[in-house]
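Hello,

Here is the structure I promised to pass on.

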Amino acid sequence: MPRSLSIGNGKLQVNFDMDYNLRDIFYHNVGQENHTAGDMCRTGIWVDGRFYWMEHPAWKKDIRYVEDSLVTHVTAVNDEAQLTLVFHDVVDLDRDLLLREVQITNRSDATRDLRFYFHYDLHIYGVRVGDTVYYDPDVRALVAFKGRRYFLMNGASGGKIGVDSWAIGVTEVGGREGTWRDAEDGKLEQGAVAQGSVDATLAFHGCALPAHGTCGLYHWLAIGDSVSDVRSLDTLVRTRGPQSFTTRTRNFWQVWCKKDEESVGELPPALESFYKRSLLILRTHVDNHGAIVASTDWDVAAYARDTYAYMWPRDAALSPIALDKAGYVTLTRRFFEYCIPLLTSDGYFMHKYTPAGEVASSWLPWADAQGKKQLPIQEDETGLVLYAMWRHYQRYKDVDFVRPFYRPLIKTAGDFLASYRDPRTGLPGPSYDLWEERRGIHAWTVASVWAGLQAASRFARMLSDQDLSDKYLRAAEEIRNGAINYLFDRKRNCFVRSLKVEGDKPLEADPILDSSILGLTLFGMFPARDPMIVSTVEQIADRLRVRTPVGGMARYENDYFHQVSKDTTNVPGNPWFICTLWLAQYYIARAEEMADLDAARQILEWVQGCALPSGVLAEQMNPYTREPLSVSPLSWSHAEFVSTVLDYVAKTRLLRTRARAHSGD
């Protein structure tokens with residue numbers, strides 16, 4: 001189930017699904033060590049002898065955030081139970097602490113006895129083996145642990161601190177569903193300890209609600225590397241009061257997302273608000289050590305047996321570009337520092353990495369079908385890190401920061417990009433495309449490598465390494481010429497997406513239209529008004545458009561990934577946010593009058609309208625229902641939205657300045 005809410009502080013991240021069940025708890029790194037393995041942790045209430053978990057169909061839920069913050073605001077109305085619940089959840093801004101506040105309103109004419117329940121189905125370190133949960137009478141709380149991971153579950157209700165009842169038991173063994181089932185009669189068994197494959201449920205009773213009255217309670221989950229860590233956090237919450245942590249965290253994020261508020265002040269209020277929401281959701285996927293994780297939606301593991309909780313250097317490199325435009329220099333610098341030790345001695349990045357910086361799982365082979373060695377890489381990932389670093393330098397002009405990167409990263413990667421090329425065409429050598437589906441020479445990769453070489457050349461020239469600068473520049477020019485000679489199909493008046501290279505066989509062009517061809521202009525290889533680009537984009541905009549009321553742009557013709565419809569004439573593929581935003585970026589780049597920006601603005605408004613009510617953007621959508629498909633949220637979707645908004649605002653101001661100059665004002 002897609003994640004509707006993501007909250008975190010760069011070390012601890014928590015996700016909730018569309019039913020408002022807690023699904024993911026990541027700690028020590030964003031995206032690494034999911035201590036629930038994506039299993040459901042339930043929230044429920046017992047009233048008048050009936051029990052309602054939050055996934056019960058009687059609840060009508062509005063799942064959002066507090067404006068401009070990473071504090072949730074969830075309203076749940078149950079007409080059958082005559083209750084209204086309002087939740088605020090927050091991960092403290094710099095402590096490993098999840099706080100949940102619930103306000104309960106009794107909408108009936110009678111006084112009622114309520115009991116509130118929080119259930120945890122922990123898989124500490126992501127594995128359901130060897131966990132322990134015990135009741136700690138000193139603090140009236142439950143503690144779960146394994147190795148160096150501790151979780152203390154406590155709360156406050158009715159003016160007192162501590163759980164009122166609890167259950168600890170074995171789950172997923174011998175057909176046992178877990179202690180959450182024990183809660184449904186309103187009673188918990190209060191066992192002292194359980195170990196192995198276990199879960200836990202805790203309850204708070206002290207809420208006797210008068211007719212049309214309201215009461216509140218707090219629950220907190222303290223996480224640490226030792227029992228003393230979590231006990232210290234529990235003591236801190238008791239001393240300061242749980243509300244203080246919610247208030248300070250809300251205030252922090254509201255200030256954080258207004259860092260450069262004037263830059264987007266001309267946007268319509270709804271777009272400005274959504275821009276800030278995208279920034280905040282993107283921030284939840286940035287680890288404090290620099291990794292920018294694609295997505296922490298763990299549900300994909302159910303069918304892929306793997307996740308998107310990795311750092312792909314490509315989409316991660318495009319996120320710092322967006323963050324730099326928005327002024328978040330500290331985050332982008334951590335990313336570049338994170339990248340230095342990842343680059344191989346040969347000068348390329350591997351397919352993907354864990355948030356902690358290890359080489360991650362990969363389906364890119366080290367050998368071809370004949371057993372001959374090949375590089376298991378996407379070369380665009382190496383080029384785009386250099387491109388992003390140059391964009392960073394252009395904005396901040398901090399040579400002291402970039403100088404230490406020159407030899408280990410810029411020069412090493414530049415040498416690889418200049419040398420790893422196809423001898424017949426001068427284009428980059430074969431690698432896998434950005435969609436991870438085919439090996440060859442791809443238009444997107446060609447543009448990315450060209451941009452990376454341009455960046456390496458400029459850095460070398462800046463640091464008086466003129467011979468090397470010239471070498472990189474020559475390689476870039478040869479790549480550009482190769483793109484014209486081999487990638488542009490003059491019969492179709494369009495760039496092709498790929499060339500298939502097999503030994504001495506003739507080059508085979510792939511005629512499928514693909515939105516990634518836009519990289520040829522987005523990264524600066526060809527200007528937006530170049531006739532070859534204009535004719536290519538016209539065909540992409542026409543043939544990849546999703547002709548349903550949902551709209552948007554597909555990745556490419558007859559896209560099979562999560563394919564919903566075989567009507568490829570009207571639905572060439574599911575609409576992808578990033579692909580649709582690339583088209584908006586093109587419209588912005590070629591705009592010469594204010595009216596030229598209308599198409600880009602309409603795309604920005606379309607993206608906002610297709611987001612979940614919480615503001616979350618998935619990877620792609622059902623072309624008929626707008627249902628999120630694949631992972632949700634996808635950090636790349638939010639990064640492209642942020643980047644497109646800031647391009648739109650910058651171009652708007654430029655065109656207005658020109659118009660005033662021409663009018664003589």
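E33 counts as partly exposed, at 22% relative accessibility (buried is under 20% relative accessible area, exposed over 50%, partly exposed in between; 1.4 Å probe, protein chains only). This is a predicted model, where local features need pLDDT of at least 70, side-chain atom pairs count only at pLDDT 80 or more, and totals for chains, interfaces and linings use all residues. Residues are numbered from 1 along each chain as its sequence is written, and side-chain values use heavy atoms, with hydrogens and water left out.

E33 is not a glycine, yet its phi is positive, about 65°. It sits in strand 4 (residues 32-34). Strands (E, at least two residues) and helices (H or I, at least four) are DSSP runs, numbered from the N terminus. Y125 also has a positive phi of about 65° without being a glycine. Its place is the loop between strand 11 (112-120) and strand 12 (131-136). Y125 is partly exposed too, at 32% relative accessible area.

Two cis peptide bonds to check on screen. One joins Y27 and H28, with omega about 15°; H28 belongs to strand 3 (residues 22-29). Another joins S632 and P633, with omega about 0°. P633 lies in the loop between strand 27 (628-629) and helix 17 (635-663).

Now the helices. The axes of helix 6 (residues 313-326) and helix 8 (residues 379-396) come within 8 Å and cross at roughly 10°. Axes are lines fitted to C-alpha atoms, for helices over the stretch in contact, and angles run from 0 to 180 degrees between N-to-C directions.

Regards
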